[in-house]
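Hi everyone, thanks for coming.

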Amino acid sequence: QGPRGGSPARGTALQSLWTMLARQATARACGLSRVRVCITRQCLLSSPRCCGFSAESSSNSGSRVDHRVSGEKLPHLDGDASAISQALARDLARWKSTTEEEQAVLRDLAVKAAEEREQLRKQVSELHEVVTDLAKVLRDEGMGSREVKHWPGAVGNGAQSREACRPAMEVGMKQPVHVSELGHQSLAELAMHGNHSAHRERLIREIMSVDGLSWDEAHTKLGEMDRYNERYYWLESLPYRFGITTAVVFGIAGVVLVFCRPLAYLYAVHVVGEDLPPGVKDINDLSINQVGTWTWSWMEPMIGTTSFVLLCCQFTRAQAVKMNMKPFAEHILVYRANRLGKAFPQYDRSMVRAWAKHMPKVGLNFWPVYERDVGIKGPTSGL
């Protein structure tokens, strides 16, 4: 009994109720397990007697309960019981809405987790297919991993004791037929060994990457680069053409001047100043061998000296190459490569220079076969 005649049971009941509700809120905030409070809203709103107080006692109540739970001060208990009930009802409604929001968040998380699980399942399935295909390719191409079969009666495990593996038709159908079907690693290895087709394919792929073109469209740009690279071709190949022509002419002339009777006689009389051998009145009386013996007396110094000069030039070039000096042909190719690299700086310089250090093939008519004229297939690659 309080000083105003209030009921102690009513204050104790409300204090216990607030304490339980505060503990539940504190447990939720700390992430602990939920504390379920078995309190019905109907008991609080419609039957105040269950809390241990009546309307009569509330009017005469003068006592106050001041209890702190979780840092909050409990409301005064000397007011109207309906106000207290409404406050409790608002708190319960707020906690109920919070619980509904948490359930909505959990439902959203469950939906997202299900979607992620489905996506992960698809990725695992795709990865399994890729690994299966890769294992099959490795089995087909891994000729060394085949099952070893020994010849009947073979002794030891040497190569002659095993049967040779023959590829199946499926394996034969998968072999590359053009340099474009090779991978980057294979092309790089061939390029390091100086294969021009590999240089060409690497440059085409570089054009595709820089300009965003397809493999077929990149050949148009390659043709433009080939026209720029070969615009001084005739001047650059002039020493070689002159050397070939001179060698052929002097080779034929040397044979003719030594063994041909009319030309040998004219050259001997008007150039050398020699007469016919003693006892010979006409050049036709001499055989071809006798003519060669007669003309060799003045042809030998010229032919021998020329041969010795060429031999010395060849020896000099061989020693220069051993010293890692660039011969004339290498200087010409380096000049071509540097000029093309400066004209097309948007592409990788090493790829451009490696492709440009190549002279086009020449037919028997001495006319070059430019790469822009051989089509998409390109020059012969050896495949």
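**A bent helix and its neighbours**

Let's start with helix α12, residues 288-322: it spans only 44 Å between its end C-alpha atoms, whereas a straight helix of 35 residues would span 51 Å at 1.5 Å a residue. That expected span is 1.5 Å times one less than the number of residues, and helices here are DSSP runs of H or I, at least four residues, numbered from the N terminus. A word on the source: this is a predicted model, where local features need pLDDT of at least 70 and side-chain atom pairs count only at pLDDT 80 or more, while totals for chains, interfaces and linings use all residues. Residues are numbered from 1 along each chain as its sequence is written, and side-chain values use heavy atoms, leaving out hydrogens and water.

So where does α12 bend? At W296, by about 60 degrees, taken as the angle between axes fitted to the seven residues ending there and the seven starting there. Look at V291, G292, W294, T295, W298 and M299 of α12: they are buried, meaning under 20% relative accessible area with a 1.4 Å probe, protein chains only. Their cover includes α10 (238-259) and α11 (261-272), with contact meaning heavy atoms within 4.5 Å. After α12 comes N324, with a positive phi near 65 degrees.

Now over to K221, in helix α8 (residues 218-229). Buried or exposed? K221 is buried, at 19% relative accessible area. Not counting residues up to four places away in sequence, K221 touches I207, D211, F344, Q346 and Y347. Thanks, everyone!

Key
Helix = DSSP H or I, 4+ residues; strand = E, 2+ residues; numbered from the N terminus. Buried < 20%, exposed > 50% of the residue type's maximum accessible area, 1.4 Å probe, protein only.
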